Amino acid sequence: MKPSVLLNRICSTQQKPLEIYMFVDPLCPECWALEPIIRKLQIEYGHYFSLKKVLTGRLSTLNLQKHKCNSLAKQWQATATRTGMSCDGNLWMDNPISSPFIASIAIKAAELQGRRCGSRFLRKLQEVLFLENQNISDLAILTDCANQSGLDKAEFLNDIHSSSAAKAFQCDMKISAEMDVEEVPTLVFFNENIEEEGIKISGLYSYEIYVQILQEMLAELPEPLTPPSLQEFLQCFRLVATKEISEVYNLSIKEVEMTMKKLQLQRKVRKITAKYGSFWEYTGE
């Protein structure tokens, strides 16, 4: 399976029986920890649902006083230890984010270039924040993320200062309020019958729980698609966590490390050691 085929499976705009609203905050470590599960869900069942990411601004409204920073640092450390998706809470002590609001506006600016562009930018923002401890309230860092995500830089810089991005963020927060979303991450599952209420699940759960909800919404046993080869997966996503490979391919962390070391010897990947766990950057052709 070529990377473009995998991306089309995930991002296809064709009509699908379900739509999932995924409520996230770019600063939320639990949203970051949900990434392996969502990636697996899209790969195996992406032909059944479309995914719409909605920003909540839950952390963006924080008054980042020192006691708040201490609390956030502890939360990040606990999440990383529990989930295996690295995030270093020292950021909140050493280089605290002064204006979280601008990161959300930047994501909506990226989305103005297309939903896929918005998703790539959000992922890059999370990598820069949770892996590199960079301050994503810095416009220079946001611009670099836009470049690395393949966005039109001039258009992005224009949109981030426009009323369109601000209004799009306000629209997301309105949707969050209308659906009574008080926790992130939250997923709301809708089917084609607009008269039926969606199923809302708040918090971070195991992969099997989300599959069970898909089954309930579809009223049938959905058929999972076979994941691509590991190399195709890496080629498509470029930078992935050991935890993500483990989740998608049902491997233990030890098995992933052994497999990836072979690819590392072949110079197809580069290992990035994080404070918690590790990541792999695809370098092959």
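## Strands, helices and a pocket in a predicted model

Reader: Over how many bridges do strand β3 (residues 186-191) and β4 pair?

Author: Here strands are DSSP runs of E with at least two residues, helices are runs of H or I with at least four, and numbering starts at the N terminus. Two strands pair if DSSP finds at least two bridges between them. Strand β3 and β4 run in the antiparallel sense, and their bridges number four.

Reader: Before we go on, what pLDDT do local features need?

Author: Residues are numbered from 1 along each chain as its sequence is written, and side-chain values use heavy atoms, with hydrogens and water left out. This is a predicted model, where totals for chains, interfaces and linings use all residues, side-chain atom pairs count only at pLDDT 80 or more, and local features need pLDDT of at least 70.

Reader: Okay, which strands stand at the edges of the four-stranded sheet?

Author: The sheet is open and its pairing is mixed, with the order β2-β1-β3-β4. An edge strand has a single partner, so one side of it is left without a neighbour in the sheet; that applies to β2 and β4 (199-202).

Reader: By what angle are neighbouring strands of this sheet turned against each other on average?

Author: Axes are lines fitted to C-alpha atoms, for helices over the stretch in contact, and angles run from 0 to 180 degrees between N-to-C directions. For this sheet's average, direction is ignored, and the value is 20°.

Reader: Which helix lies across β1, β2, β3 and β4?

Author: A contact means heavy atoms within 4.5 Å. Helix α10 (residues 163-178) lies across β1 (18-24) and β2, at about 105° to β2. The helix across β1, β2, β3 and β4 runs at about 20° to β3 and covers residues 207-218: α11.

Reader: How far apart are the axes of α6 and α7?

Author: In α6, Ala103, Ala106, Ile107, Ala110 and Glu111 meet a set of α7 residues that includes Phe121, Leu122 and Leu125. That contact divides into eight nonpolar residues, one polar and two charged, where Ala, Val, Leu, Ile, Met, Phe, Trp, Tyr, Cys and Pro count as nonpolar, Asp, Glu, Lys and Arg as charged, and the others, Gly among them, as polar. The two helices pack at about 145°, and their axes are apart by 7 Å.

Reader: How much space lies in the second largest pocket?

Author: On a 1 Å grid over the protein atoms alone, a pocket is an open set of points where a 1.4 Å probe fits, with protein on both sides within 12 Å along at least five of seven lines; lining residues have an atom within 4 Å of a point. Grid points are joined across faces, edges and corners, and a volume is the space filled by probe spheres set on the points. On that basis, the space in the second largest pocket is about 160 Å³.

Reader: Which elements each supply at least two residues of that pocket's lining?

Author: The lining includes Leu51, Lys52, Ile107, Glu111, Arg115 and Leu122. By class, the lining residues divide into five nonpolar, three polar and four charged. The elements supplying at least two residues each are β2 (49-55), α6 (101-111) and α7 (115-130).

Reader: Why is helix α13 (residues 242-249) called largely enclosed by the rest of the structure?

Author: Buried means under 20% relative accessible area, exposed over 50%, and partly exposed in between (1.4 Å probe, protein chains only). Among the buried residues of α13 are Ile245, Val248 and Tyr249. Helix α13 is largely enclosed because its buried residues, out of eight, number seven.

Reader: Is aspartate 180 buried or exposed?

Author: Aspartate 180 sits in the loop between α10 and β3 and has a positive phi of about 55° although it is not a glycine. With a relative accessible area of 53%, aspartate 180 is exposed.

Reader: Last one: which residue in the hairpin of β6 and β7 takes a positive phi near 80°?

Author: Strand β6 (residues 269-273) and strand β7 (residues 278-282) run antiparallel, joined by five bridges. Arginine 270 stands opposite glutamate 281 in β7. The hairpin has four residues between the strands, and the one with the positive phi is glycine 277.
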